[in-house]
Amino acid sequence: MGAIPKTLYRVHFRLLDLLGWGQRRFTGTGLALLAGLFVVGLAGLDPDLSASYQAFSVLLCLLLVALCFTGAFPASFKVRRQLPAFGTAGCPIKYRVVVRNLTAKKQEGLTLLESLVEARPGFQEWWAFQVAEQRLLRSFRVSHRRRGDPFKTATVKPVALPSALPHQETEAQVEVTPLRRGVLRFTGVVLARPDPLGLVRTCQIHPLAQSILVLPKRYALPAIALPGTMKYQQGGVALAASVGQSDEFVALRDYRNGDPYRHIHWRSWAKAGKPVVKEFEDEFFVRHGLVLDTFADHPHSEAFEEAVSVAASFVCTIQTQESLLDLLFVGPHSYCFTAGRGLGHAEQMLELLASVRTCHDHPFRALEHLVLTHVGSLSGCICVLVAWEAERQRLVEKLLRLGVPALVLVIVEPGAETALDPGPLRDKAEWFHVLEAGKVEEGLRRLG
């Protein structure tokens with residue numbers, strides 16, 4: 001890798017650090033004054049524009065006077081933040097911050113600012129994102145819009161803190177908007193007091209490390225008749241998913257390979273001369289597989305993020321009280337997580353989806369192998385895919401050959417072609433849908 005990309009990487013994040021420092025230390029008016037200084041400074045390069053010199057001198061004097069009043073203000077505080085356990089990407093999170101004035105003097109005119117841990121990617125990850133963005137910009141097939149910084153975690157609005165009486169508490173309601181799923185980490189609370197001119201802030205930092213898990217965005221799904229019916233699970237729920245078993249006895253039947261020995265009815269074996277087991281009602285139930293495709297080419301693909309949101313929407317919508325739902329995806333390893341009938345909950349699956357990332361360490365056949373390994377116990381599959389080429393079509397075709405119906409949702413990048421050939425689902429077009437990133441919600445409404 002050349003020296004120029006690495007220099008651009010360092011300059012990019014140095015500028016971001018400088019911007020963050022400026023937004024913390026200067027008020028909105030102060031930032032406007034800095035912008036004015038820059039503009040008139042450029043105009044002052046022309047000696048014929050004498051007025052620009054005068055404007056520059058006035059603005060510079062104002063800034064210097066404001067800086068003279070900055071410094072540590074003599075006050076002591078105790079800060080407490082009351083965060084919720086979870087948030088949702090793109091949705092504002094409101095919480096309280098309680099500040100106790102430990103001095104014998106009334107404190108007023110303070111502004112509360114939050115300090116967050118911003119994701120700082122390594123050079124390889126940052127450069128891979130830049131290359132992928134340029135590839136999309138050069139594509140004639142996709143009308144791509146340049147996105148903002150995908151590594152920015154959240155936005156927080158400064159809050160004016162109510163006056164704090166001596167040795168009393170005051171509180172402020174803070175609003176933070178997480179921009180992406182994952183863990184949002186707070187490092188501390190900044191209490192800032194502006195100078196008399198209202199241009200520059202004096203900051204007092206209070207370390208307060210906390211975190212909140214940001215769950216994927218979810219969409220409301222219409223009533224969907226999912227593919228598949230009740231299916232026999234060898235050994236009942238106990239063997240199928242280790243979730244316990246109903247004690248409701250139904251009948252006796254001959255022993256089958258895989259039946260637990262504790263279900264053997266010894267008296268009937270003695271009479272019949274062959275193994276006989278007790279059959280329980282829970283041996284037939286619905287079990288769906290939710291297959292999430294993590295094999296996106298773009299390291300921060302919009303289509304992949306929407307695919308995670310669609311998967312999370314199904315997790316929240318499918319009634320798992322009387323059925324099982326297997327979430328299948330490939331990350332550093334192949335994973336299968338099960339919820340329903342007392343084994344796990346939808347909230348736990350959402351926590352998993354909050355941290356899932358694109359996979360570049362394994363080929364797509366790893367997902368195919370994972371799904372086919374579990375296909376024997378599945379009533380049907382919901383496949384959330386980020387492409388629809390030969391490998392994906394082959395997986396769906398194998399599911400259909402094995403008698404497992406599949407609902408296929410293909411998420412494509414904004415502006416990409418949505419009129420795709422259903423391939424193996426050509427005769428069952430109602431089970432094949434293409435959703436465009438950015439328009440997923442309206443696309444899901446058409447599923448009902």
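Which residue in E3 is the bridge partner of Arg81? I looked it up, and the partner is Val97.

**Ground rules**

I noted that this is a predicted model, in which local features need pLDDT of at least 70, side-chain atom pairs count only at pLDDT 80 or more, and totals for chains, interfaces and linings use all residues. Residues are numbered from 1 along each chain as its sequence is written, and side-chain values use heavy atoms, with hydrogens and water left out.

**Whole chain**

I found 11 helices and 18 strands in the protein chain. Helices (H or I, at least four residues) and strands (E, at least two) are DSSP runs, numbered from the N terminus. The chain has 448 residues, and 45% of them count as buried. Buried means under 20% relative accessible area, exposed means over 50%, and partly exposed lies in between, with a 1.4 Å probe and protein chains only. I also looked at contacts, meaning heavy atoms within 4.5 Å. Of the contacts with a separation of 6 or more, 73% are between residues 24 or more positions apart.

Strand E1 covers residues 77-82. Its covered face has Phe77, Val79 and Arg81, and its uncovered face has Lys78, Arg80 and Gln82. I wrote the general rule beside this: in a regular strand the side chains alternate between the two faces of the sheet.

E1 belongs to an open sheet of four strands in the order E1-E3-E7-E5, with antiparallel pairing. Two strands pair if DSSP finds at least two bridges between them.

I then went through the pairs. E1 and strand E3 (residues 93-101) are antiparallel and share six bridges. In this pair Phe77 has Asn101 of E3 as its bridge partner. E3 and E7 are joined by eight bridges, again in the antiparallel sense, and Val98 stands opposite Glu171 in E7. E5 and strand E7 (residues 169-178) have three antiparallel bridges, with Val156 opposite Val176 in E7.

I found an open sheet of five strands in the order E2-E9-E8-E4-E6, and its pairing is mixed. Strand E2 (86-88) and strand E6 (159-160) are at its edges with a single partner strand each, so one side of each lacks a neighbour in the sheet. Strand E4 (residues 111-116) and E6 run antiparallel, joined by two bridges. Leu112 stands opposite Val159 in E6.

Helix H1 (residues 3-25) lies across E4, strand E8 (182-194) and strand E9 (201-215), and it runs at about 120° to E9. Axes are lines fitted to C-alpha atoms, for helices over the stretch in contact, and angles run from 0 to 180 degrees between N-to-C directions. Pro5, Tyr9, Phe13 and Gly22 in H1 are buried.

**Two helix pairs**

How do H7 and H8 cross? The axes of helix H7 (residues 302-317) and helix H8 (residues 346-353) come within 9 Å and cross at roughly 175°. That makes the two helices, H7 and H8, roughly antiparallel. Angles under 35 degrees count as roughly parallel, over 145 as roughly antiparallel, 65 to 115 as roughly perpendicular and the rest as oblique. H7 brings Val308, Ala311, Ala312, Val315 and Cys316 to the contact, and H8 brings Ala346, Met349, Leu350 and Leu353.

The axes of helix H9 (residues 365-374) and helix H10 (residues 390-401) come within 10 Å and cross at roughly 10°, which makes H9 roughly parallel to H10. Glu368, Val371 and Leu372 of H9 meet Arg394, Leu395, Lys398 and Leu399 of H10.

**Leu399**

Is Leu399 buried or exposed? Leu399 is buried, with a relative accessible area of 0%. Leaving out residues up to four places away in sequence, Leu399 touches Val371, Val375, Cys381, Cys383, Val404 and Ala406. The C-alpha atoms of Leu399 and Gly380 are separated by 8.8 Å, and these residues are 19 apart along the chain.
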